[in-house]
Amino acid sequence: MNPYAESEQQMYFVWCQVYGCLGRLDYVTKELKPMLAEKWEVIDPTTWRFHLRTDLKRQDGGPGPTARDVVHSWKRIMTDPSSAQRFMMFEVKEMIAVDDHTVDIKTIKQSGQLAIDLFSQFAITPADLYEKYGQNVYRDHPIGWGPYKLEKFDVDQSIVLRKNSASPESRPNAPDVVIYRQMREPEQRVTAVLNNEVQVARQIPPQLVARFKGQDRVKLVTSPSVEIMFMAFNVKMKPWDDVRIRQAAAYAINRDAIIKRILFGYADPLDGALGPAQICYEKPSPMAIHFDPAKAKALLAEAGYKNGGPEVEIQGSTGRYISDRQIIEAISQMLTDVGFKVKLVTPEWSNLWADVRAGKSPAYYMGRGQVADPSIALSQYFETGLSPRIGYSNKDVDALFEKVRSTFDPKERCGYVRQVVDKLASDVPAQFLWTHKLVSAVRSDIQIPADPSGEIWFPDVVMK
């Protein structure tokens with residue numbers, strides 16, 4: 001329940017709707033929208049100024065958000081021993097309360113992407129409640145300024161939110177109560193929505209879409225996704241420290257066959273880390289590696305594995321992503337076919353995620369959500385020292401990330417982003433695979449936006 005102790009897309013959406021964020025990124029329009037901040041501006045190359053709204057009341061009737069709350073929230077991220085979000089603030093030198101409703105964010109270097117990096121993720125929590133209740137405030141007093149109040153949180157079971165009617169973002173036709181229920185088995189989700197036990201079932205796998213044919217009471221809402229799916233190779237661990245081995249694995253993966261046979265066409269292939277749904281996309285990366293088993297075998301032989309490839313452990317989740325177990329099994333077989341000796345491991349998601357974040361997973365299939373703008377996601381995984389998830393380090397790529405951050409002109413900035421994408425495609429610390437086409441089953445009396453994030457902004461939901 002600590003809003004700063006997790007770095008996961010769904011919880012960012014929950015906390016932004018409960019506590020509130022400075023602003024949010026609309027994944028459909030790719031525009032930045034105000035939330036607790038009504039406007040923002042660049043004062044100088046290393047100073048962004050945010051002006052907070054003055055028409056908000058806290059969910060307990062307390063005061064609206066202040067600059068002190070923003071500074072407090074930043075300090076919680078930077079000093080809380082449980083914090084998993086320090087990477088988000090690596091550009092920030094300090095936050096300064098100019099007055100009650102104005103806060104300056106000073107960056108270490110010139111930053112043209114600060115708002116994009118923080119919006120939809122940086123939850124603002126009340127400073128006075130933390131001072132009164134300490135760390136227990138997140139459990140006993142999860143109170144903020146968002147359009148929904150947290151009513152109940154049963155870990156690994158459900159989250160219950162209730163509409164905050166006093167919020168300016170509250171809509172009359174939006175749901176009064178929202179209940180997140182964890183149902184890892186797709187069949188269970190499908191049955192639940194058909195029986196009206198739930199009104200929205202997300203992540204319907206392609207092989208179950210036909211179950212809804214002829215169902216007048218349930219409709220399918222489909223959208224492209226901004227979650228990039230990839231196979232990561234931890235370059236700090238052998239044999240993945242050898243670029244030829246990473247390239248061989250990339251050449252071994254028949255991405256198009258997986259999309260056709262396992263995902264039934266419900267995915268858009270990625271040639272590099274950028275796809276059409278992402279900001280800065282222009283065309284496929286010319287450096288992207290495509291399926292070529294002969295090339296994979298030749299690279300293994302060149303790396304010294306002429307009579308049998310290296311022993312590798314491949315990890316993947318079960319039930320976290322669409323058809324993830326079937327996909328990781330197919331990838332493991334493809335690597336085996338070119339000579340790798342593969343050990344497939346499918347731990348519980350919580351254990352896999354903990355090991356990935358600690359840099360303990362040698363190779364794994366995973367997705368990175370909220371990648372409308374790719375810069376912070378790619379920086380998080382591939383800039384030297386930002387996280388141990390892959391252990392990749394390249395001075396040329398680091399220099400490009402610096403240019404991405406320091407450039408305010410969008411066209412020029414996107415040019416640097418595409419150069420990063422090309423270098424990653426050839427160096428292969430990860431093989432980027434596809435973005436899913438997201439399918440949600442929705443009862444016919446409910447209207448939800450087709451959001452590429454895969455999450456739901458509840459004020460935009462219409463209950464008919």
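Residues are classed as buried below 20% relative accessible area, as exposed over 50% and as partly exposed in between (1.4 Å probe, protein chains only). The model is predicted, so that local features need pLDDT of at least 70 and side-chain atom pairs count only at pLDDT 80 or more, while totals for chains, interfaces and linings use all residues. Residues are numbered from 1 along each chain as its sequence is written, and side-chain values use heavy atoms, with hydrogens and water left out.

Rings of Phe, Tyr and Trp (its six-membered ring) were paired if their centres lie within 6.5 Å, with planes under 30 degrees apart counted as stacked, over 60 as edge-to-face and the rest as tilted. This rule gives 23 aromatic pairs. Trp 48 and Phe 50 form a stacked pair because their ring centres are 6.3 Å apart and their planes meet at 15°. Trp 48 is buried, at 8% relative accessible area, and Phe 50 is buried at 0%. Tyr 130 and Tyr 138 are 6.2 Å apart between ring centres with planes at 40°, and the pair is therefore tilted. Tyr 138 is buried, with a relative accessibility of 3%. A cluster of linked ring pairs comprises Phe 230, Tyr 381, Phe 382, Tyr 392 and Phe 432.

A charge was taken to sit over a ring if NZ of Lys or CZ of Arg is within 6 Å of the ring centre and within 35 degrees of the ring normal. Arg 320 lies over the face of Tyr 321, 4.6 Å from the ring centre. The charged end of Arg 320 also sits over the ring of Trp 349, at 4.9 Å from its centre.
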